[in-house]
Amino acid sequence: MITEISRQFAKDREYNQLVQSLKEKRTPCTVSGMCDSSRPFFAASLLNELGGKGLIVVPEEKDAYAMQKVLSRWFPRTLVYPSRDFVFENISAYSHEWEHERLNVLKSVCDGNFDVILTVPDALMEYTVPADVLKKHTITLRLGDEFPVDDLCRRLEAMGYTRTEVVEGVGQYSLRGGIVDVFTPQYREPLRIDFFGDEVDLIGFFDILGQRTVDNAISCEIIPCTEFISDEGAYLRLEKEFVSLLKSFSGEEKYRDQLKLELETVRSRGKLRFSDRYYGVLYNEEYSLTDALGKDCLTMVFDSVRVLERAKGFYTETYGVLSRLAENRLCRLSAGLPLMDQELFAVSMPGQTLLVDLFAHAGTAFGEGETFLIETRSVSAFGNHFDLLCEEV
């Protein structure tokens, strides 16, 4: 089917010229005339022609999931990289679902285990755990390995896991005698690791409802379940930052008290619920998914004007919240923000950039380059059969 789709697009002269420009790395390029329903097929055809990996940026989450449904027919490793809500206050009751999914995708990208990544602008703008830190804090276990159970539990705590009596969701672990249950983001089912002393004796996956092992394995990986890993170095840097903030504090007393409570959390090595305020303190570099993707990636931005509008709105809103926190002396903007601004976002796209819009428009922050008009008709889907026809030129 993908060959037939490419054949249909190959009838269009400007499509062939676009492919040649991409092969010669003459980018950014802009394509206009592309109706919504044909865009996943256009993306699939291009990725098939160029034989590489792709990043697709769309204005809305619903667009990403709709396109994933189509693209995954030909590219099984099509993943959606979601945005997550920043947490700047010491709040414990909030969902980590999107953070877990982001870490799963980031790990797949770092391993090269993906075909296409679909995302929205704010997800790319949000900084995350650097690849070297993610690798350092990924635990690999094999049958017969020696790994003290106490050390494993200590490392799981640093990686954001919460100890519970029974594991029921991602980000939890339990310890019963020599058995460690842990639900890591990259697996659909939780792991059960049976130790004989300090030796890994059994590795398996179990069903949450029945709590029974359903499959065995010879090895496994456990990745962090938080984008802010609280190892000893992070705690020491945060403690230094809090001491500095309190030493120069000149705001309201209630905010001084808040800082003191948070400092006690740091000193007692507790959960860092407020870590989004201190990205620049926790990590020495600003790292996003685009850094992990590298240069050998075709980036397609659909509805580029709307994408930039969303990026600008997200930055403005987030910066406003952080500014108010800084005015209350709860953080320092100069210490680093947990996101990039819209200008940096536009120029940080990995590899070659292709803008795909319905109507032609003047150059944007993504840059100017060659423009191509590829008009398409609507695509009708009936089961697994697709009709795709380019307009005759």
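This is a predicted model: local features need pLDDT of at least 70, side-chain atom pairs count only at pLDDT 80 or more; totals for chains, interfaces and linings use all residues.
User: Great. Which residues of α1 meet α3?

Analyst: From α1, Ile-2, Ile-5, Ser-6 and Phe-9 take part. Facing them in α3 are Phe-41, Phe-42, Ala-44, Ser-45, Asn-48 and Glu-49. Sorted by class, this contact has 6 nonpolar, 3 polar and 1 charged residues.

User: And how should I read the angle at which α1 and α3 cross?

Analyst: Angles of 65 to 115 degrees count as roughly perpendicular. The axes of α1 (residues 2-9) and α3 (residues 39-50) cross at roughly 100° and come within 9 Å, so α1 and α3 are roughly perpendicular to each other.

User: Let's turn to the strands. What is the order of the 6 strands in the open sheet?

Analyst: The general idea is that strands of a sheet pair through backbone hydrogen bonds, either parallel or antiparallel. In this model the order is β6-β7-β8-β9-β10-β11, and the pairing is mixed.

User: Which strands stand at the edges?

Analyst: Those are β6 (162-163) and β11 (213-217). Each has a single partner strand, so one side of each is left without a neighbour in the sheet.

User: In what sense do β7 and β8 pair, parallel or antiparallel?

Analyst: Antiparallel: β7 (residues 172-176) and β8 (residues 179-182) are joined over 4 bridges. To find the spot in your viewer, look for Arg-176, which stands opposite Ile-179 of β8.

User: Which helix lies across β7 and β8?

Analyst: That is α8 (residues 149-158), which also lies across β6 and β9 (191-196). Relative to β7, helix α8 runs at about 160°.

User: Now the pockets. What is the volume of the largest pocket, and which residues lie nearest its centre?

Analyst: Its volume is about 670 Å³. Of its 22 lining residues, Glu-101, Asn-104, Pro-185, Gln-186 and Arg-188 lie nearest the centre. The elements giving two or more residues to this lining are α4 (61-71), β3 (78-81) and α5 (97-110), and α5 supplies the largest share, 7 residues. By class, the lining of the largest pocket has 8 nonpolar, 7 polar and 7 charged residues.

User: What about the second largest pocket, and which residues lie nearest its centre?

Analyst: That pocket holds about 510 Å³ of space. Its lining counts 24 residues, with Tyr-94, His-96, Glu-99, Thr-226 and Arg-273 nearest the centre. The largest share, 3 residues, comes from α5.

How values were computed. Residues are numbered from 1 along each chain as its sequence is written. Side-chain values use heavy atoms; hydrogens and water are left out. On a 1 Å grid over the protein atoms alone, a cavity is a set of points where a 1.4 Å probe fits but cannot get out, and a pocket is an open set with protein on both sides within 12 Å along at least five of seven lines; lining residues have an atom within 4 Å of a point. Grid points are joined across faces, edges and corners, and a volume is the space filled by probe spheres set on the points. Ala, Val, Leu, Ile, Met, Phe, Trp, Tyr, Cys and Pro count as nonpolar, Asp, Glu, Lys and Arg as charged, and the others, Gly among them, as polar. Axes are lines fitted to C-alpha atoms, for helices over the stretch in contact, and angles run from 0 to 180 degrees between N-to-C directions. Angles under 35 degrees count as roughly parallel, over 145 as roughly antiparallel, 65 to 115 as roughly perpendicular and the rest as oblique. Contact means heavy atoms within 4.5 Å. Two strands pair if DSSP finds at least two bridges between them.
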